[in-house]
Amino acid sequence: PWRARERGARSAVRAANEYCVLHDASYLRPLLLHGEAAALTELLAGLTDASADALGRLLGAPRELCCTLHWWRRWPSATIAPVRLLPCAAAANGGRRAVWVFVHEAAALQARSALEHAIGLALAARAADAAGAPPALVLGASTLPVVRFQLRGPQSHGLLRRALALAPAAA
C-alpha cells in the first residue's frame, strides 16, 4: 500500500478479490512421504478427512489438497491439525510417488508421530505378504527449511507468468 487509505481491511479484501495477494506460508513445516501410489492413498485415507476420489486425483495432478490430519482411523475425535498435501513430481519414480505434507509448526511433532505410527502399522500389516521387499512407505527427513509463497487472486497467474518470464539474452 502506497497511501494510508490502502491499509485497511476493506482494501485488503478488494486486493484479494480483484488483484493479487502474496502470502508467506513459510511457517508451514514440510514432511515428505515416499511410497507406492496405492500405499500412499491408503495411508492418507486413514490419516485425513479427504475423500478417496480427492486422494486419487492428488497423485495424478500437481494440485494442492487442503484437509485435516488426525490419528490413524480416529477421525474426527483425534484431530491434529489442518494440512496441505502437495504431490512432489520430482520424486515420482515408476510406481512410487512422493507427497509433501505441510503442517503448522506448532503441530509438526504430533503430525510426524502420527505419520510414523500409521506407517509402522501399514508396514507391519504388509510384512507378512512381502518378505524382503522394499518398504511400501517411507517418511523422509524434513530438516531443510522451505520458503513457500502463495499467490491468491484473479491476477495471480498473470503476475507469476510476468515475474518468471525469461529476460532476453545479452548479445
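Residues are numbered from 1 along each chain as its sequence is written, and side-chain values use heavy atoms, with hydrogens and water left out. Because the model is predicted, local features require pLDDT of at least 70 and side-chain atom pairs count only at pLDDT 80 or more, whereas totals for chains, interfaces and linings use all residues.

The chain contains five helices and seven strands, where helices (H or I, at least four residues) and strands (E, at least two) are DSSP runs numbered from the N terminus. Read from the N terminus, the order of elements is α-β-β-α-α-β-β-β-α-β-β-α. Of the 171 residues in the chain, 32% are buried; buried denotes under 20% relative accessible area, exposed over 50%, and partly exposed the range in between (1.4 Å probe, protein chains only). The chain exposes about 10900 Å², of which carbon and sulfur atoms supply 59%; accessible areas come from the Shrake-Rupley method with a 1.4 Å probe, and for residues only the protein chains shown count as cover. Among contacts (heavy atoms within 4.5 Å) between residues at least 6 apart in sequence, 63% join residues at least 24 apart.

Strands are taken to pair if DSSP finds at least two bridges between them. Strand β5 runs antiparallel to β2, to which nine bridges join it, and L32 stands opposite W100 in β5. Five bridges join β5 to β4, also in antiparallel orientation; here P87 stands opposite V99 in β5.

The largest nonpolar core has 30 residues, and L33, L85 and V103 touch the most other members. A nonpolar core is a set of buried Ala, Val, Leu, Ile, Met, Phe, Trp, Tyr and Cys residues joined through side-chain atoms within 4.5 Å. At least two residues of this core come from each of β2 (28-36), α2 (37-47), α3 (52-58), β3, β4 (79-87), β5 (96-104) and α4 (108-127). The most is given by α4, with six residues. In soluble globular proteins, nonpolar side chains tend to be buried together.

H70 is located in strand β3 (residues 65-70) and counts as buried because its relative accessibility is 2%. Its side chain has a polar atom 3.2 Å from the backbone oxygen of T48 and reaches the backbone nitrogen of W75 at 3.3 Å. With neighbours within four places in sequence left aside, the contacts of H70 are G46, L47, T48, D49, W75, A78, T79 and I80.

V138 lies in strand β6 (residues 137-139) and is partly exposed, with a relative accessible area of 33%. Residues up to four places away in sequence not being counted, V138 touches L32, L33, H34, R96 and I119. The C-alpha atoms of V138 and L123, 15 residues apart along the chain, are separated by 9.6 Å.

The structure holds zero disulfides, a disulfide being a pair of cysteine sulfur atoms within 2.5 Å. The closest cysteine sulfur to that of C66 belongs to C67 and is 7.6 Å away, which is too far for a bond. C66 is partly exposed at a relative accessible area of 49%, while C88 is buried at 17%.

Note on methods. Polar contact = N/O pair within 3.5 Å; in protein donor to acceptor, adjacent residues only side chain to side chain.
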